[in-house]
Amino acid sequence: MADVNRGNRPLSPHLTIYRPQLTSITSILTRITGNALLLGAILMVWWFLAAATSAEYFATVDGLVTSLLGDVVMFLSLWALWYHTLAGVRHLIWDSGAMLDVPTAEKLGWAVIGGSVILTIITVIII
């Protein structure tokens, strides 16, 4: 049935009404990094399959993976891995019922962001 009063009802608040909060931004970023990790994994599987196929095919794929674009993708994949891991630890802490108050949750959000950047840089320096 058609709703005849549809135009008379108020709309629910939208993203333009609410100020973005750090916890919501980090939650969205966790979902994005989870999906981005899949793309990095596909690139690595492609590289391994090329290595198992032939020397010429491997040279082509290896040229892409070791190019500037490949380096950027691998660097961002490394950051996404650290970010997603730390965000998962944060959610494990929240699942235990700890640190759920707003100031502590914001500190955990900044810790996840800062920690992922620091761990990415340390990993790149060590490797």
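Is Trp47 buried, partly exposed or exposed, and what is its relative accessible area? Trp47 is partly exposed, at a relative accessible area of 24%, where buried denotes under 20% relative accessible area, exposed over 50% and partly exposed the range in between (1.4 Å probe, protein chains only). The structure is a predicted model, in which local features need pLDDT of at least 70 and side-chain atom pairs count only at pLDDT 80 or more, while totals for chains, interfaces and linings use all residues. Residues are numbered from 1 along each chain as its sequence is written, and side-chain values use heavy atoms, with hydrogens and water left out.

Aromatic pairs were identified among the rings of Phe, Tyr and Trp (its six-membered ring), a pair being assigned if the ring centres lie within 6.5 Å; planes under 30 degrees apart count as stacked, over 60 as edge-to-face and the rest as tilted. By this rule, three aromatic pairs were counted. Trp47 and Phe58 form a tilted pair, with 5.5 Å from centre to centre and 50° between the planes. This pair links distant parts of the chain, since Trp47 belongs to helix α1 (residues 22–53) and Phe58 to helix α2 (residues 55–65), 11 residues apart. Helices here are DSSP runs (H or I, at least four residues), numbered from the N terminus. Phe58 is partly exposed, with 25% relative accessibility.

Trp79 and Tyr83 likewise form a tilted aromatic pair, with a centre-to-centre distance of 5.3 Å and an angle of 35° between the planes. The two residues are separated by about one helical turn, because they lie four residues apart in helix α3 (residues 68–95). Trp79 is partly exposed at 22% relative accessibility, whereas Tyr83 is buried, its relative accessible area being 0%. Ring pairs also join Trp47, Phe48 and Phe58 into a cluster.

Ser116 is located in helix α4 (residues 102–126) and is buried, with a relative accessible area of 0%.

Leu49 is exposed, at 52% relative accessibility. Between Leu49 and Val61, the separation is 12 residues in sequence and 9.6 Å in space, taken from C-alpha to C-alpha.
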